[in-house]
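Have the picture ready as you read.

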Amino acid sequence: METTEFAHREATVNGIRMHYVEAGDGEPVVFLHGFPEFWYSWRHQLRALRRRYRVIAPDQRGYNLTEARGPYDTGTLQADILCLLDHLGIDRAHIVGHDWGGVIAWLLAMQHGDRLKSLAVCNLPHPAIFRRRVLRPRQALRSWYVLFFQLPLLPELALSAGGYHRLARRMIRECRPGTFTKEDIREFLAGWRRQGLSGGINWYRALLRHPPRIPDPVPLVTVPTLLIWGDEDRYLGKELTEGTDQFVAKLRVVHLPGVSHWVQQEAADEVNRLLAEHLASVEG
């Protein structure tokens, strides 16, 4: 896939230099990637939706071509996206997030709902549900890496072993055959090698040092919301989707059996269709 088919741009937002790609016209749709990815993880969705929407996918703080400079608390990470919207002259956008990008997407919907037209999240539970269930034995075992990432230097060394090829092989093994092409792997390796993954790991370090502040009672998400879940996620159990409706006024949950955590890449056609339906239902 030629990444030159998207416009690559830079902006100074919230005190850092941020790289993002965009394409298309129409209502803005902003895609927020997770760990250890960057904008490229949304390549299938950008290509499919740019015919009808203005699609925008940033490298978030510390990833790929965006400056790796703290702090990395969730308040700062939300402000990064709000400042990007301001830079682009966007009052309200459809927000789509996966993994850590889903954390920021949920928090934006809870705390800055006036900036959203709709919300879609892939394989990341509502923060209040995750906080409530993360210490249950099964999920605690799934989330062992969060504690590992608190260590200094060792996580960076482990992930960079073999020039990041081990990390790439792990992603490949978790997905359906054919999910990643050789070109995809080259793109990910290049992105990881540009400045390492310390930036992304620091998101996890900040999570325990400065956990997100979730008010009590939990603010209701009022924008139309789609939750897509690959049921074979090794890191987050599908039971984390249960009870989401108590925190979201207009919710649709779709489970994709046999699909891993890397859902928008592994099940690109299904995710593209679901997103297109979701966005069309709330346009205007």
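How many aromatic pairs does the structure hold? The structure holds 20 aromatic pairs. Rings of Phe, Tyr and Trp (its six-membered ring) pair if their centres lie within 6.5 Å; planes under 30 degrees apart count as stacked, over 60 as edge-to-face and the rest as tilted.

Before going on, note that this is a predicted model, where local features need pLDDT of at least 70, side-chain atom pairs count only at pLDDT 80 or more, and totals for chains, interfaces and linings use all residues. Residues are numbered from 1 along each chain as its sequence is written, and side-chain values use heavy atoms, with hydrogens and water left out.

**Aromatic rings**

Take Y145 and Y204: their ring centres are 5.9 Å apart and their planes stand at 80°, so this pair is edge-to-face. The pair links distant parts of the chain, since Y145 sits in helix 6 (residues 144-148) and Y204 in helix 10 (residues 198-209), 59 residues apart. Helices (H or I, at least four residues) and strands (E, at least two) are DSSP runs, numbered from the N terminus. Both Y145 and Y204 are buried; buried means under 20% relative accessible area, exposed over 50%, and partly exposed in between (1.4 Å probe, protein chains only).

F148 and F149 make a tilted pair, because their ring centres are 6.0 Å apart and their planes are at 45°. F148 is partly exposed, with a relative accessible area of 21%, whereas F149 is buried, at 5%.

**Two pockets**

Where is empty space left? Rolling a probe the size of a water molecule over the atoms shows this. On a 1 Å grid over the protein atoms alone, a pocket is an open set of points where a 1.4 Å probe fits, with protein on both sides within 12 Å along at least five of seven lines; lining residues have an atom within 4 Å of a point. Grid points are joined across faces, edges and corners, and a volume is the space filled by probe spheres set on the points.

| Pocket | Volume | Lining by class |
|---|---|---|
| Largest | about 670 Å³ | 20 nonpolar, one polar, two charged residues |

In the second largest pocket, F149, L159, L167, R170 and Y235 are the closest to the centre, out of 17 lining residues. Helix 8 gives the most to the lining of the second largest pocket, also with four residues.

**Cysteines**

How many disulfides does the structure hold? The structure holds zero disulfides, a disulfide being a pair of cysteine sulfur atoms within 2.5 Å. The sulfur of C122 has its closest cysteine sulfur in C175, 13 Å away, which is too far for a bond. C122 counts as buried at 0% relative accessibility, and C175 counts as buried at 10%.

Notes: Ala, Val, Leu, Ile, Met, Phe, Trp, Tyr, Cys and Pro count as nonpolar, Asp, Glu, Lys and Arg as charged, and the others, Gly among them, as polar.
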